[in-house]
Amino acid sequence: MARQSRLGSIQWKFVKQLLWLSAGIVTAIFAVLFAAVHYMRTSTRLSQLVSQYLGVQLSESINWGLVSSLFLLALLTAAVVGIAGGYVIGNLLKKRLNTLRQATMNLERGLLSYRLPELGTDEIGEIGWQFNRIAEKWEDQVASLQRLSNHNAALGEQVRHAAVVEERQRLARELHDAVSQQLFAIAMTTAAIKRLMEKNPERAVQQIELVEEMAAAAQAEMRALLLHLRPATLQDRPLREAVTDLLEELTQKHPIDITWELEEIGDLPSGIEDHLFRILQEALSNTLRHSQAAKIEVKLFTLKEQVRLRVSDNGIGFDPDDEKLTSYGLHSMRERVNEIGGSLDIISSAGTGTQIEVRIPLVMEANQKGGDQP
């Protein structure tokens, strides 16, 4: 609100400046006239010349009350003209600046096809022309990114074997670092329970509860890892169909309330579809592992020439700015979003759940030329 009020004050700055300028001009004119008359009155020779040629006595002809009234009238007229002129000029400038401001906001939000109208031939018009050039270049770069993404998707089959090997190695590391250690801890705790059953039954009950917690954590970790075992690509299916199958399977296998609203998006480049599918997998995996949520909501829709994917939960939340809490999955999601020229917003805090929203601009040039790539 403060920034908008500062922008709006430009109009009133013009009003004040023109008001003072007009009042100053009127005052200066009357001051010069007064000084001239005063000089002529005090100069004997000038008074004689005026009396000789004009037949007027200055000391007798000047009505100072009338002069004061004329001065006040002129000052009031100048004030009205200054206020009206400043308001009109400031309002015109404010409208042009607001047009520039709206254009920069659209560009920030990913509306790359927006172009400024003609703003004139002055400096502001030059800025508008340069802005359109920047927006056009930005749109071309995003189109190039998306064409490259489509090309990479076509090349994906050639590197599938290497990707499978790398994924197996990653899963093996995570199994060893998480599930394997949890199972080892469960085994050790279970062995200790046997010895405690007779000596300290209360302590044994506490250990059994601890085993239940570790087993639940290991189960959640396994569910998240199994989610990654799904196919890395859409297998020639539309994005909406693949996402629906994924969510239906999760609903059947996990005790968590999952709802979704998926819009049918036609002519979406395959590269963008693959990245959105993997981003959704990563977001769901992070939620199952860390959020302790009871409800997950997934939305896929288009808005303002953008395709948007939104995943929200009612879990424990986290601080997105805390590097210690950001996982490998979030870094992977950001990398995928950047590869297709999009943006990623993470809204979360402790105890309020988490919302992840991905926005990908739909560039027509990428859609039209994407099929021409090998």
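**Entry 1. Salt bridges**

I began with R310, which pairs with E357 in a salt bridge whose closest N and O atoms are 2.9 Å apart. This pair links distant parts of the chain, with R310 in strand β3 (residues 306-313) and E357 in strand β5 (residues 354-361), 47 residues apart. The model is predicted, so I note that local features need pLDDT of at least 70, side-chain atom pairs count only at pLDDT 80 or more, and totals for chains, interfaces and linings use all residues. Residues are numbered from 1 along each chain as its sequence is written, and side-chain values use heavy atoms, with hydrogens and water left out.

For a salt bridge I required a side-chain nitrogen of Lys or Arg within 4 Å of a carboxyl oxygen of Asp or Glu. Helices (H or I, at least four residues) and strands (E, at least two) are DSSP runs, numbered from the N terminus.

I then looked up cover at both ends of the pair. Buried means under 20% relative accessible area, exposed over 50%, and partly exposed in between (1.4 Å probe, protein chains only). R310 counts as partly exposed because its relative accessibility is 22%. E357 is buried, at 8% relative accessible area. I also found R308 joined with R310 and E357 in a network of salt bridges.

By this rule I count 7 salt bridges. Another of them joins the side chains of E139 and R115 at 2.7 Å, N to O. E139 lies in helix α5 (residues 123-155) and R115 in the loop between α4 and α5, so the pair ties together parts that are 24 residues apart in sequence. E139 is buried, with a relative accessible area of 18%, while R115 is partly exposed at 27%.

E297 and K299 also form a salt bridge, with the closest N and O atoms 3.7 Å apart. E297 is partly exposed, with a relative accessible area of 28%. K299 is partly exposed too, at 23%.

**Entry 2. Cavity**

Rolling a probe the size of a water molecule over the atoms shows where empty space is left. On a 1 Å grid over the protein atoms alone, I took a cavity as a set of points where a 1.4 Å probe fits but cannot get out, with lining residues having an atom within 4 Å of a point. Grid points are joined across faces, edges and corners, and a volume is the space filled by probe spheres set on the points.

I found 1 cavity of 30 Å³ or more. The largest cavity holds about 40 Å³ of space. Its lining consists of G110, L111, L112, S113, E139, E305, P361, L362 and V363.

**Entry 3. Positive phi**

Most residues other than glycine have a negative phi. Which residue has a positive phi of about 60 degrees although it is not a glycine? I noted E305, which sits in the loop between β2 and β3. E305 is partly exposed, with a relative accessible area of 47%.

Q292 also has a positive phi, of about 55 degrees, and is not a glycine. Q292 follows α9 and is found in the loop between α9 and β2 (295-302). At 67% relative accessibility, Q292 counts as exposed.

I checked helix lengths against an expected span of 1.5 Å times one less than the number of residues. Helix α9 (residues 270-291) has 22 residues and should span 32 Å; its end C-alpha atoms are 30 Å apart, which agrees. Helix α9 is mostly covered, with 19 of its 22 residues buried.

Helix α8 (residues 239-253) has 15 residues and reaches 21 Å from its first C-alpha to its last, close to the expected 21 Å. Its buried residues are L239, A242, V243, T244, L246, L247 and L250. An α-helix has 3.6 residues a turn, so residues three or four places apart point the same way.

**Entry 4. Helix α4**

I looked up R96, which lies in helix α4 and counts as partly exposed at 22% relative accessibility. R96 and G120 are 24 residues apart in sequence and 9.4 Å apart in space, C-alpha to C-alpha.

Y87 lies in helix α4 and is partly exposed, at 40% relative accessibility.

Definitions and conventions: 1 Å grid on protein atoms, 1.4 Å probe; cavity = no way out; pocket = protein on both sides within 12 Å on 5 of 7 lines; lining within 4 Å.
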